[in-house]
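Reader: I am new to this structure and would like a friendly tour. Could you show it to me, and may I ask about it as we go?

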Amino acid sequence: MRKVFVKTYGCQMNVYDSARMTDLLAPLGYGTTDRAEDADMVILNTCHIREKAAEKVYSELGKLRRLKEARARSGGSLMIAVAGCVAQAEGREIVARQPAVDIVVGPQSYHRLPELIARIARGAGHALETDFPAEEKFDALPDEGMSAAPAAFLTVQEGCDKFCTFCVVPYTRGAEYSRPVTQLVQEAERVVRAGAREITLLGQNVNAYRGQGPDGEAWSLARLMEALSGIEGLARLRYTTSHPRDMSDDLIAAHRDLDKLMPYLHLPVQSGSDRVLEAMNRQHKADHYLRLVERIRAARADIALSSDFIVGFPGESDADFDATVALIRRVGYAQSFSFKYSARPGTPAAAARQIPDDVKDARLQALQGLLGAQQDAFNASCAGKVMAVLFEKPGRQAAQAVGRSPYLQPVHVDGAAGLIGRIADVRIEAVMSNSLKGAFVHQREKAHLN
Ligand code: 5AD
Ligand code: SF4
């Protein structure tokens, strides 16, 4: 049997795409491996969001080239493919920079992989495929593999029409496209039958979801989740990533009304300064965001919030940065991601005068100190509580299992290895910086309990 190694960078949408690429190659006789040394084909599923992410790909390609050359000397071969957003954004340049690459395939065209592989096998040089429409891809993909992880991903929406001035996504992933409701319900039913207990609905702008419903109307994300809630055996739903502008009333209400919807929301704000938000083309002000948070907490009091922040966006003054700090203090986040602004070629903000790197570093450090303290405080508040944990995988220690709390915290429990794929009540006994340690209380019987 031939083997493929898919290495995934970046966001959860790439994790989903990587799984679908693996499904796509199975009928061609490819099993999977997680070592390039054992693989006949390596696919790098890449991320272009910040410069660092894109540069990692080229250094990995350098290593793969040496492996490919060694393979050729011993009479073997190695096929190298670059997929994902670097493939989309840089296309032909990738082959120019690293001629060992055989295939370049964009996120909207990876359903054509079998054809591209056949072309390479026939010795037809490099194959490049970065065409758009997303519709075709989802129709062309085969059904998912037979076994699903306890916590699975499902891409419901792709692309973005927001054009934040720092972001490459509208260029690499294209215009917004929402998959039809019936297709998604069927895919969700299949992954639940294959063992998933939790599904995270994915989209670059997931709460802008407007998919065609069985009644011919455009359904919102809230309506889609209500339909998915009816799937027996599915215990938990999540969705990510959302834009504040698309946090509609019915979606806020869903956090009150849908038992299966977990009390965690990733709602990036990027900055707390109206001036910077305007320059970022975020289409909302800080106050709008704060009011949203109030309304979401009124719907679901215990909701844990997370956000993304960018420091050192062009023009960001000390006062602008202080406004971000003030917003963070007002909200109180359970978790957050923060980044130094990275100028991306082709995006509007890349042409503006840049903030010096030492200023960015200092701001990032200050922000991460504050966000880390908030995360610690949130985790500490969980000590002694009993939480429903969905066990996902074995832990580092023997007989240990790791799962997730409703608030997405990793929870380690000794002696729980037999509970993988199940939801159990766990008493939180110790709090670490990025995870919790708990003791098994009892297993939940009913599938609908979260
Ligand atoms: N520089 C730094 N961070 C960025 N992000 C997106 N584009 C950039 C950029 N050019 C961050 C945003 C986004 C997250 C996925 O990555 O915070 O929400
Ligand atoms: Fe990028 Fe803004 Fe679209 Fe998010 S909403 S994907 S940050 S352009």
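Reader: Which residues are around ligand 1?

Author: This is a predicted model, in which local features need pLDDT of at least 70, side-chain atom pairs count only at pLDDT 80 or more, and totals for chains, interfaces and linings use all residues. Residues are numbered from 1 along each chain as its sequence is written, chains are lettered from A and ligands numbered from 1 in the order in which they are written, and side-chain values use heavy atoms, with hydrogens and water left out. A residue is counted as near the ligand if one of its heavy atoms lies within 4 Å of it. By that rule, the residues are Ile49, Arg50, Phe166, Gln270, Asp308, Ile310, Phe339, Lys340, Tyr341, Ser342 and Arg344.

Reader: What distance separates a polar side-chain atom of Gln270 from an oxygen atom of ligand 1?

Author: Let us look at polar contacts, which are pairs of N or O atoms within 3.5 Å; within protein, one must be able to donate a hydrogen and the other to accept it, and residues adjacent in sequence count only if both atoms are side-chain atoms. Backbone N or O atoms take part too: one of Phe166 lies 2.9 Å from a nitrogen atom of the ligand, and one of Ser342 lies 2.8 Å from a nitrogen atom of the ligand. For the side chain of Gln270, the distance to a ligand oxygen is 2.6 Å.

Reader: How much of the area that ligand 1 exposes when taken alone does the protein bury?

Author: Accessible areas come from the Shrake-Rupley method with a 1.4 Å probe, and for residues only the protein chains shown count as cover. Ligand 1 taken alone exposes 400 Å², and the share buried by the protein is 87%.

Reader: Which elements give two or more residues to the shell around ligand 1?

Author: Helices (H or I, at least four residues) and strands (E, at least two) are DSSP runs, numbered from the N terminus. The elements asked for are strand 15 (304-311) and strand 16 (335-340).

Reader: Is strand 10 mostly covered or mostly uncovered?

Author: Buried means under 20% relative accessible area, exposed over 50%, and partly exposed in between, with a 1.4 Å probe and protein chains only. On one side of the strand Glu198, Thr200 and Leu202 are buried, and on the other Ile199 and Leu201 are too. With five of its five residues buried, strand 10 (residues 198-202) is mostly covered.

Reader: Which residue in strand 13 stands opposite Thr200?

Author: Two strands pair if DSSP finds at least two bridges between them. Strand 7 (residues 151-155) runs parallel to strand 10, joined by five bridges, and there Thr155 has Leu202 as its partner. Strand 10 also pairs with strand 13 (residues 236-240) in the parallel sense over five bridges. Opposite Thr200 stands Arg238.

Reader: In what order do the strands of the closed barrel run?

Author: Strand 17 (residues 386-394) and strand 20 (residues 423-431) run antiparallel, joined by five bridges. Seven bridges join strand 20 to strand 21 (residues 436-443), again antiparallel, and four residues lie between these two in a hairpin. The barrel has five strands with mixed pairing, in the order 17-18-19-21-20.
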